[in-house]
Each structure stands twice: as C-alpha cells, then as structure tokens.
Amino acid sequence: MTTSVNKTVHPFDKGRLEALLNRRFFYAPAFEIYGGVAGLYDYGPPGSSLQANIIAEWRKHFIIEEHMLELDTTIMTPAPVFETSGHVARFADWMVKDTKTGDVLRADHLVKNVLEARLAGDKEARGQAAAPPTDDKKKKKKAAKGAAVKLADEVAAEYETILAQLDNYSGADLGELCRKHDLRNPDTDNEVGEPQLFNLMFASSIGPTGQHPGYLRPETAQGHFLNFSRLLEFNNGRVPFASAQIGRSFRNEISPRAGLLRVREFTMAEIEHYVDPDDKKHERFGEVRDVKLVLLDRHIQESGKNTTTEMTVGEAVDKGIIANETLGYFVARIHQFLVKIGINPQRLRFRQHMANEMAHYATDCWDAEIHNSTGWTECVGCADRAAYDLTVHSNKTGHPLVVRQALKEPIVTEKEVPEWNKKALGKTYKQDAGVIQKIVDSMDQEGLVKLKGQLAQGKAVITSSEGKEFEVTPEVLTIELKTLKQSIREFTPNVIEPSFGLGRILYTLLEHSFWSREKDVERGVLSLPPVVAPTKVLIVPLSAREEFDPLVKEVSSKLRKAGVFSRVDDSNTSIGKRYARNDELGTPFGVTLDFASVQNRTMTLRERDTMDQRIGSIDEVIAVVTDLVFGNITWEEACTRLPAYDGVQAIE
C-alpha cells in the first residue's frame, strides 16, 4: 500500500516556485549580465529538456498518430506574403500611453488588471477574501493603491460584465472604458491617452541594400499554405490531410511582464488540417465523441457572464456549439494531450471567440485556456480558418492552390454559355472589349437568360460597375444552351488550425506541478509526469568508493539501452539532500546503490511524490522503472512487483 500525499496542505506560493525555477536554471532572462531585454528568455538544462520532452510527446500525439506531414519553413519572410495574408494591416494590439511618462501599456491588459484589482479590494472590504501576502516593497506599494474599497453592488456587477466581454471590445470601446472608469497606469497613477493600434511584427530587410523588406514570422502558418501544392502532390492529391511544424515565432509584444506567458520570441507547434469544405466530418471522431470538455461559449460571454458548461465533444458538435466534427476532433485531442503531459483537467477550459475578437480569417475558434496564478491564459488556439489563406495567396500569385478531384460519376448539366466573336468584339469596342467580356462572363445563369432574351430582340445594354453602358448586338455575342459534362471537381480546401504556444504550456505545467512537503514548506517538489520530466531516474551511489563504480556504470548502461534518461548524483551530501534537490527538478524515480548492492546485487527504487521505497535485484528494479517511465505500469502496480524496503539490508 503506497503512502498518501497531501499536496495542497500549503497554499501555492508563486514566489517560492519562481525562486526554485531561477535557482535550478529552468529559464532566466536573456542577456541578463547586460541588464536583459523584456520578453526574451533563455532556457537552462532542465527547462530545455522539459521543452524537448513536451515537443517529443506532441510529435507522437499528433504527427505520428495522425500521419501528419512535417515541415520546417523559414523564419524570415518577404513582406508581400504578410501583406497578402492580412498581417501587415491587422496583426496588431491596442496600446495606450501614460500621458506624463510616455510608458506604453496594452489597453485590454490595463482594463483587466485595474478592474480585477478593484474587485479584489471590494471582496477584501466585504470580508470575502484576505489581502494577498507579499514581501516585495514594490508590490506593497502597488497593493496600497488597490487598497480594500467597497464598491457599490451595481458597479461591481458592471466590472464583472466588462471582464467577461473584454476580448470583444474595439479600440474605441477600450478608450471609452478608460475614461468612464478612470483607469490609470497602476505604476504611476497617471491618466492614459487614447488607444492606438500597434503592429506586433518585427520588421527587417533581406539583402545588403535593404531593397527587399521582410518580417520575422509571427506564426508558422504561412509556410504551410505557400507549400500547399507540394504537400498535396506528396499526399497523392488527396484530402483530408494535415501538415505540422514546430518552430520559432516572434511578436513584438507591447508590455511583456508575465514571464513565459508573454514573450517576444517563442516556440510554436502548429497544425494545418486541410478538409473538403462540403464535408467537415472526421473519420476518427467516434474515438473522441465521449471526451468531456469544459466549455465557455460566445453567447455566455456576450451576455456578460463566464459560466462554463461541461459536456462531451459529441454533444457540443451535435448541438452546433462547436462548428463541425473536425474542429471538435482537434479540440478533444488537444484536451487529451494537455492532460497527458500533466495539466490539471480541473484547471483547463475551452473558450469560444466572440464575434469582434475572431481573427479576420476564422469562422469559429476555441482557445484552450489554462488557469494559473495570473488567471486564465490562452495556451492553444483551434480555429476553422475556412479557405481564406489559400484563396488570398492564390489570387495574389496566380498559382492555383486547389484540389482537383476526379468524380466517381460525372455531373451532367445544361448551362447558358456566352460565345464571343472576338474579331468583331475587338474591332467594335477596342479598349473596352476586355471590360465587356468580363461583365458578361461574370453573370450568373439568371443574368445570362435575361441577356439572351434581349439579344433576341436585336440588341442588349450592359452596365459596368462604374455605371458605363455598352450596347451589344448578336453579331458580337450569342448565348447558347449547352450540355456540359463535369468529371473533375475543383475546390479550395478549408483549414482547421490547432496552434500551440509551447512556452505558455511549459510554464502552466510547472505551476500545476509545484507543491511543498507537508512537514517542510521549504522542500519544494515538481510532480512532473515521467513522460515529460527532464530526468527520468536519479542514480544515487551511497559512497564514492571505487567498488561502487562498476555498479554505477552497469546501471547507467542498462537504463541507457532501455531508452531511459538518467543522471548520477555522486556528490558528498546526504542521500536525503540529493533526493530533495532532484525532487525540485521533477525527477520521478531514484535508485540507490549501497553496500548491500555491492554484495547482493540489490537496489532500492524510490518514488518522488510518496517517497515510498521498494527493493529488488538490479535487473528487476531496472525492468520495473523502465515500465514506469514508459507508462506501462503505475506505481501501485510496481509495488506488487517489488517488496517494500524497510531501511535495512543484510550485509556481511
């Protein structure tokens, strides 16, 4: 029987976690000895390993299991690509400036932070919440500004409504909120100016003379779309299929102040799933139909509330809450992935975008939001981008980004078709010939029938979009009913896009995993699942004496051959301290080699969270720990294979 562990006996302490992450070099501000630059971070050994393991699991969960086509496209991108995609015009956030210092703040974050502080002060004044503890003088100063002040009930209700609808406000709306509610810069208490749009892309140039303007990509998606024709050919011309890419992206954030949650350079993992616009079913939807999700739909938010509903993804699609099966399938798969790597499912929800916040290309979008010490944070977006991207790039370049699909049975239709006498057309209308032909060729069947009737009377008048009229005769144009046989269907596929911010996922995972030992709050633990833990097994030799060296090498070699990443800690500190500092790194298992190991070839196995210890032969323990690391068995099952260690071994 394993020992029970109370991980919530001590309240979550963000300062303690940040001290651990800094001390153990999970990540740190980049260029720190030069003073650092906001929004740029370097990952240390455990952070790099944790990110690599998250990526490896992501590749297994999506690329390998879904048979996706993996890409690696360039970061530097010519400006015309983002002009066409709409990023130059629309990839922007609203910012406001402190009227006295010129400090820049993101407008929606200012509204959120000030109103949330006032609501927290209201709860404190009503005795509903205690003031948050803080040792930092600067934080104390800020907290004093948001002191406990009771709000009128209707004001508190209005603040709650504003926060529920915050993502739906325009720049003008945000400016009105700042004026109406006297929202000031929290750092200076100064008023702020009117919101202005700020484009988030980093501008650059390509070539020595700067004649080719470019941008660092803010997402990896455009590299997928520009290679669509090659991907389609690689997939033998068939849809649906998906491409996937993991890579760096860059966003010039206005005020990055939340650690890894808001950075200027980050790693993304994106999928573009191409689907027939007339059939957005997914062949594997039945496998996820019963996955339960916590949903916050757009209608609830637009009513000023944030009440969530729990339902299966099948029910959500059936009711039209999630637009289609393919979108629902990926929402469910995102949920499964996040829970698998250690995100607490009780702190995970999917929020639907409201009309005003929807990206210009999307028809439906759901964000996987993970709760952490700053509130709910978007970590994954899952959007139905429709046919927007492929259409605009095709129109701009003239390269057809379409699927040509052979029909099982040809479609036979009768259509009115315009027939031109090109010689008479050019001679009669000269430079206007092309305009006239374009007007007629763009008419629908109803328009052509009407035009045919007019021509039968001897002449017809057509009008350009500028209002210019042209008289057309049967000598130039005839319209005939023809039987057409269509054996090829040509269409532009729609795109379902799951987009993952890996840094945000990594940080929220660290928060969800952190706790302190019940009897010693200073002993922090990261309960990272073995699948993502930087080190899977810690090897602890009891002594640095030479007779231990062959065993340490043997155990290391056998774990390595089994594909299990391990580290040896042969420092002179006590075993307890060695395990404690590796608990901070999230190492799930430890094996100890002592003097009995030298004589009896036995080894103890320790589990991180419970600190339970088991004993067996070296080969037995290695077999058990390998199964644990690869998720083949649970710790409870391991306890049935290895007897408990009572702390004493017989040695001669």
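Contact means heavy atoms within 4.5 Å.

H2 covers residues 45-64 and H19 residues 502-513. Their axes come within 11 Å and cross at roughly 110°. Axes are lines fitted to C-alpha atoms, for helices over the stretch in contact, with angles from 0 to 180 degrees between N-to-C directions. H2 and H19 are therefore roughly perpendicular (65 to 115 degrees). The crossing is right-handed: the near helix is turned clockwise from the far one by less than a right angle.

## Model and overall layout

This is a predicted model: local features need pLDDT of at least 70, side-chain atom pairs count only at pLDDT 80 or more, and totals for chains, interfaces and linings use all residues. Residues are numbered from 1 along each chain as its sequence is written, and side-chain values use heavy atoms, leaving out hydrogens and water.

The protein chain holds 24 helices and 28 strands. Both are DSSP runs numbered from the N terminus: helices are H or I with at least four residues, strands E with at least two. The C-alpha trace spans about 115 × 60 × 55 Å along its principal axes. Of 652 residues, 48% count as buried (under 20% relative accessible area, 1.4 Å probe, protein chains only). Among contacts between residues at least 6 apart in sequence, 71% join residues at least 24 apart.

## Nonpolar cores

A nonpolar core is a set of buried Ala, Val, Leu, Ile, Met, Phe, Trp, Tyr and Cys residues joined through side-chain atoms within 4.5 Å. The largest has 62 residues. Ile 54, Trp 58, Ile 334, Leu 338, Phe 350, Phe 500 and Leu 510 have the most contacts inside it. Helix H14 (residues 325-340) gives the most to this core, with eight residues. Beyond its neighbours within four places in sequence, Ile 334 touches Phe 62, Phe 350, Ala 368, Val 380, Cys 382, Pro 498 and Phe 500.

A second, separate core has 25 residues, including Val 537, Ile 539, Val 629 and Ala 638.

Terms used:
Parallel < 35°, antiparallel > 145°, perpendicular 65-115°, else oblique. Buried < 20%, exposed > 50% of the residue type's maximum accessible area, 1.4 Å probe, protein only.
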